[in-house]
Amino acid sequence: MRSKKSRSTSVDIAHRAGVSQATVSRVLRGSPLVNPETRQRVLEAVRELNYKVDHRASSLRTQRSGTLALLLFEDPTPDESHINPFFLSMLGSITRACARNRHDLLVSFQQLSDDWHADYEDSMKADGLILLGYGDYMVYRSKLEQLVEQGTHFVRWGAVLEDQPGISIGCDNFQGGQLVGEHLLGLGRKRVAFLGYASNHYPEFFDRYRGCDAALQKAGASMHAELQVDAESSEEAGYAAAVTLMARGRPFDALFAASDMIAIGAMRALIEHGRHVPWDVAVVGFDDIPMARFASPPLTSVIQDTSRAGELLVETLLKQVREEKVESVMLPPSLVVRRSSSAA
């Protein structure tokens with residue numbers, strides 16, 4: 001029995017009406033996406049349970065705050081920022097896009113272990129969420145599924161996957177890997193090492209690996225398991241991975257790092273161990289962070305269009321808030337060649 005003091009919740013409404021909590025949320029905020037029959041069932045359940053909307057708690061659903069929330073997730077960095085440098089240029093683009101659309105931007109720094117997926121369910125802080133960074137996708141996915149179930153408006157930067165929860169804007173990482181493979185083949189390099197995770201837990205890195213492998217296979221070569229070393233996106237991890245790679249004693253004439261941070265750390269390890277870059281080992285990174293052009297030697301890298309990415313993240317989220325149809329988007333990459341892979 002429900003006590004007299006206890007209040008009905010959207011979960012109770014969903015159970016009574018035989019629908020999901022997300023559907024209840026859509027009905028309460030007047031979404032046109034709910035069919036009339038379902039809407040009627042939900043409204044009847046609302047009346048039967050004498051449900052009262054908490055306007056403070058449901059502000060995200062029933063009113064527009066004119067604010068979007070950007071959640072940045074912790075990354076390993078050599079300083080105290082714990083922000084992947086790749087996201088800094090995207091942050092500027094997101095801020096400008098919000099200003100053009102007359103929205104404020106609330107930037108929140110999060111740890112993936114926290115309950116960030118629940119914090120905004122009934123929050124009046126923002127109309128929707130932009131998510132940057134995520135680490136292990138298999139851990140992250142369950143929280144995305146909860147956001148979908150809650151009916152939270154959100155869009156993320158990351159891999160575009162067939163069965164993913166929600167909408168994402170990302171780079172065509174497979175094509176980026178292909179560009180790297182074709183570039184290295186053009187230099188006559190076929191023994192390509194890869195530093196970075198190569199599994200479904202890290203789909204962006206894995207697509208970069210698979211794209212490079214596809215390019216090599218067209219030329220009768222391929223990536224080799226003994227030349228792949230797991231690494232997260234940091235200089236320290238890149239350095240350690242390169243040391244591990246060299247200790248295996250397997251010959252390689254090129255190194256493809258899953259990120260620029262990994263590549264910069266790896267180049268330092270190669271040089272300290274007597275390997276000349278690029279004569280002995282051609283090195284290519286991914287992201288083209290500002291530090292890449294000032295590395296020694298300057299780093300060849302795959303460019304992701306962070307300016308367009310920021311615009312699309314904001315535009316896509318605002319469409320969701322307006323209950324308009326949205327789709328995931330993959331942006332094409334390009335390659336900038338510098339001295340780490342070419343002496344010219």
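Visitor: Where is arginine 102 found?
Guide: Arginine 102 is found in the loop between α5 (86–100) and β2 (104–110), where helices (H or I, at least four residues) and strands (E, at least two) are DSSP runs numbered from the N terminus. This is a predicted model, in which local features need pLDDT of at least 70 and side-chain atom pairs count only at pLDDT 80 or more, while totals for chains, interfaces and linings use all residues. Residues are numbered from 1 along each chain as its sequence is written, and side-chain values use heavy atoms, with hydrogens and water left out.

Visitor: What about phi of arginine 102?
Guide: Phi is near 55° there, a positive value in a residue other than glycine. Arginine 102 counts as exposed, at 79% relative accessibility (buried means under 20% relative accessible area, exposed over 50% and partly exposed in between, with a 1.4 Å probe and protein chains only).

Visitor: And aspartate 288, is that buried or exposed?
Guide: Aspartate 288 counts as buried, at 15% relative accessibility. Its phi is near 50°, again positive in a residue other than glycine, and its place is in the loop between β9 and α12.

Visitor: How many aromatic pairs turn up in the whole structure?
Guide: A search of the whole structure finds seven aromatic pairs, where rings of Phe, Tyr and Trp (its six-membered ring) pair if their centres lie within 6.5 Å, and planes under 30 degrees apart count as stacked, over 60 as edge-to-face and the rest as tilted. Phenylalanine 194 and tyrosine 209 form one that is edge-to-face, at 5.2 Å centre to centre and 75° between the planes. Because phenylalanine 194 lies in strand β6 (residues 192–195) and tyrosine 209 in helix α9 (residues 203–218), this pair ties together parts that are 15 residues apart in sequence.

Visitor: Which residues do ring pairs link into a cluster?
Guide: The cluster contains Phe194, Phe206, Tyr209, Phe256 and Phe286.

Visitor: What lies over the face of phenylalanine 286?
Guide: Arginine 208 does, at 3.8 Å from the ring centre; a charge sits over a ring if NZ of Lys or CZ of Arg is within 6 Å of the ring centre and within 35 degrees of the ring normal. The charged end of arginine 210 sits over the ring of phenylalanine 206, 5.8 Å from its centre.
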